[in-house]
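Here is a friendly briefing to read alongside the model. Please keep the structure open as you go through the points.

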Amino acid sequence: MESSGDWTCDANDAVHITVVQPSEQKPKTISTFHPQFTYPIFGDEEQIFGYRGLIIRLRFAAHDLRPHAHISYDDKFKAVGDTAPVDLLKTLKPWIPEEAFTTLPDYEKALQEEDAKDFVPPGKPVHSYVTAGRNYEIWAGSLADPAVRRLLDRMQVFVSLFIEAGTPLPLDDPEWSLARWTVYFVYEKVTPPTPTASQYSIVGYATTYRWWVYQRDASQEPTPKDDAFPAPEITPGQLPSRLRIAQFLILPPHQGSGHGIHLYTTIHTACFEDPTVIELTVEDPNEAFDALRDTADYHILAPELLKHDVNINPDPYDAESVKQRPRRVPTAALIPTKLLHDIRTSFKIAPTQFAHILEMFLLGRIPFKNRHAGGAPLTRLLIKKHKSEDPNERRYYWWRMLVKQRLYKRSRDMLIQLEMTDRIQKLEETVGNVEEGYEVLLKVFVKREEALKAKLEADASSADASGRDQRAKRKFTVEDDEDEEEDAEETAASKRPKV
C-alpha cells in the first residue's frame with residue numbers, strides 16, 4: 001500500500017521560475033531559479049499532494065514580464081473519498097494574472113508577435129551604472145501610470161515567493177491613492193539574441209509610498225482664511241511626507257552584485273532631493289535588507305561625520321563632577337547632539353537607523369586594540385569605567401554606555417519588569433550582540449577601503465609609467481576618447497560599495 005508521502009512533494013522544488021527572451025524559434029531561457037517561499041500559496045508546510053514528478057514552470061518575458069504558467073507531472077493521484085490532489089489551477093489563479101493561463105504555443109506566438117525591440121521600461125530613467133562591464137539602468141514611475149501598474153501586476157507573485165510576510169499591493173485603489181506610490185525597476189541592457197528581441201532584461205524592483213506627516217509652525221498663531229471653495233486640488237506629491245520603502249527585491253540570479261546598493265541609494269537620492277519628503281523609512285525590513293541598508297547609509301553618512309570630526313569626548317565631566325558618582329549618561333557632553341541632529345535631518349535618515357550608523361561609526365573611530373573584538377578586557381573596563389588612564393579605553397566605555405542608553409529607552413517597558421541584576425545582564429548581552437554585528441560590517445568596510453587604496457596606488461603607478469611611455473610615443477599615437485570614458489566608468493563602478 002502506498003503512503004501519502006509517495007504523492008507529496010516540496011513546493012519550493014516543484015516551482016521553477018524562468019526568465020525568457022523572444023527568439024527566432026522558441027523563447028531563449030536567460031535564467032531559471034526556485035522560489036524562497038511558497039507558504040502563502042501552498043500553505044505553511046509548503047507541500048503539494050497528489051503528484052509525482054511535478055513541475056510548475058512560471059515563465060516571465062525578460063523585458064515586460066509577460067507571464068505563462070505551465071504544469072507537468074509524471075503521475076497524478078486518483079481521488080479516494082475526500083483525499084484528492086491539490087487543484088493547482090485553482091490554487092495558482094489568485095496569485096498570477098489571468099493572461100498567464102494560456103497554451104505554451106500561444107504564449108510563444110505572443111512573444112514573437114509583440115514588438116519587443118521597441119520596449120522601454122515605464123516611467124523615466126533615474127540612474128545608470130556599470131558593474132563587471134555590464135550596463136544597468138533604474139527607471140521610476142508612478143503607480144497611477146497604467147504601464148507601471150501593468151508591469152507591477154505581472155511581478156506581484158514575486159512578493160509572495162521571495163519576500164517573507166510580503167503581501168501584493170492592491171492595484172484597484174483610486175488614482176489619488178495610487179499616485180502616492182513610486183515603483184523603481186532595475187534593468188540590464190543586454191545584446192538581444194535576435195533583432196526582434198528587447199535590449200532590456202529585468203533585474204529587480206522596489207516600491208515606495210508617501211506617508212503624510214502633519215506639520216505646523218508653532219511660532220504662528222492659527223488664523224482663519226477666506227479661501228475659495230472648493231479648495232484647489234492637492235496631489236500627494238505636494239504634501240509633507242515620510243517616504244517608506246514597502247517592497248525591495250533583486251532577483252536571485254543578480255543577487256550579490258551590488259544592485260541592491262544602487263537601488264537603495266537611488267531611492268535615497270530621490271528622497272534627499274525632494275523638499276516635501278521629511279525622511280526615508282522602511283516597512284518591516286529583514287536581516288538581509290538591514291545589512292544592505294546599513295552598508296549604504298554608512299557610506300552616505302561617513303564622509304559627513306568625518307568632515308565634522310565626530311568622535312566621543314573621553315572626558316565629559318569637569319573636575320568637580322568627577323568627584324561624584326555620575327547618575328546619568330552625559331550624552332550632550334559626549335557627542336555633539338545638535339550637530340548630529342542637523343546631519344540626520346538634512347540626510348533624511350530615520351532616528352533609529354541614524355543611531356545605528358552613528359554607533360558603528362563611533363566604534364570604528366576607537367582603535368581596534370581597545371575594543372572587545374581586538375582583545376580589550378571587559379573586566380578591567382567595568383572596574384575602571386570612565387577613570388581609565390587611556391583615553392581610548394574611556395571612549396570605549398562611554399560608547400558602550402551610549403548604546404546601553406539607547407537600548408534601555410527602546411525596551412524600557414520590558415526591562416523594568418526584570419530584577420536589577422537580570423536587567424544589567426540582559427543589557428550587557430544585547431550590547432555584545434549589537435557590537436558583534438557592527439564589527440562584522442566594519443571589517444568589510446576596512447577591507448574595501450584597503451582594496452580601494454591599493455587599487456588607486458596601483459592605478460597611479462601605472463598611470464605614471466604609461467605617462468612616460470606616452471611622452472616617448474606621443475607623436476605616433478592618438479588617444480581614443482570613447483575607450484577612455486568606458487574605462488573611467490568601469491573604474492568608478494568598481495569603487496561603488498557592493499553587498
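## Briefing on the predicted model

Phenylalanine 289 counts as buried, at 10% relative accessibility; buried means under 20% relative accessible area, exposed over 50% and partly exposed in between, with a 1.4 Å probe and protein chains only. This is a predicted model, in which local features need pLDDT of at least 70 and side-chain atom pairs count only at pLDDT 80 or more, while totals for chains, interfaces and linings use all residues. Residues are numbered from 1 along each chain as its sequence is written, and side-chain values use heavy atoms, with hydrogens and water left out.

**The chain as a whole**

- The protein chain has 18 helices and 14 strands; these are DSSP runs numbered from the N terminus, with helices (H or I) of at least four residues and strands (E) of at least two.
- Of its 499 residues, 42% count as buried.
- The protein chain exposes about 28,400 Å², and carbon and sulfur atoms supply 51% of that area; accessible areas come from the Shrake-Rupley method with a 1.4 Å probe, and for residues only the protein chains shown count as cover.
- Taking contacts between residues at least 6 apart in sequence, 72% join residues at least 24 apart, where contact means heavy atoms within 4.5 Å.

**Aromatic pairs**

- The model has 23 aromatic pairs; rings of Phe, Tyr and Trp (its six-membered ring) pair if their centres lie within 6.5 Å, and planes under 30 degrees apart count as stacked, over 60 as edge-to-face and the rest as tilted.
- Phenylalanine 289 forms an edge-to-face pair with tyrosine 264, at 6.2 Å centre to centre and 70 degrees between the planes.
- This pair links distant parts of the chain, with tyrosine 264 in helix H8 and phenylalanine 289 in helix H9, 25 residues apart.
- Tyrosine 264 is buried as well, with a relative accessible area of 1%.
- Elsewhere, Phe33, Phe60, Phe158 and Phe162 form one aromatic cluster.

**Nonpolar cores**

- The largest nonpolar core has 49 residues, and those with the most contacts inside it are Phe42, Ile48, Ile56, Leu143 and Phe158; such a core is a set of buried Ala, Val, Leu, Ile, Met, Phe, Trp, Tyr and Cys residues joined through side-chain atoms within 4.5 Å.
- Helix H6 (residues 157-162) gives the largest share of this core, 5 residues.
- Another core, of 39 residues, lies apart from it and includes Ile300, Ile357, Leu362 and Trp399.
- Beyond its neighbours within four places in sequence, leucine 143 is in contact with Val148, Arg149, Leu152, Leu169, Leu171, Leu178, Trp181 and Val183.

**Threonine 266**

- Threonine 266 sits in helix H8 (residues 259-273) and counts as buried at 8% relative accessibility.
- Leaving aside neighbours within four places in sequence, threonine 266 is in contact with Val126, His127, Ile138 and Tyr184.
- Threonine 266 and serine 128 are 9.7 Å apart in space, C-alpha to C-alpha, and 138 residues apart in sequence.

**Salt bridges**

- The structure holds 21 salt bridges, each a side-chain nitrogen of Lys or Arg within 4 Å of a carboxyl oxygen of Asp or Glu.
- Arginine 394 and aspartate 315 meet in one of them, at 2.9 Å from N to O.
- Arginine 394 lies in helix H15 (residues 391-410) and aspartate 315 in the loop between helix H9 (287-307) and helix H10 (319-322), so this pair ties together parts that are 79 residues apart in sequence.
- Arginine 394 counts as buried at 11% relative accessibility, whereas aspartate 315 counts as partly exposed at 43%.
- Glutamate 359 and arginine 406 form a salt bridge whose closest N and O atoms are 2.5 Å apart.
- That pair links distant parts of the chain, with glutamate 359 in helix H13 and arginine 406 in helix H15, 47 residues apart.
- Both partners, glutamate 359 and arginine 406, are buried.
- Glutamate 393 forms a salt bridge with arginine 380, with the closest N and O atoms 2.3 Å apart.
- Here glutamate 393 is in helix H15 and arginine 380 in helix H14 (residues 378-384), 13 residues apart.
- Glutamate 393 counts as buried at 14% relative accessibility, and arginine 380 as partly exposed at 38%.
- Salt bridges that share partners join Arg400, Lys404, Glu428 and Glu435 into one network.
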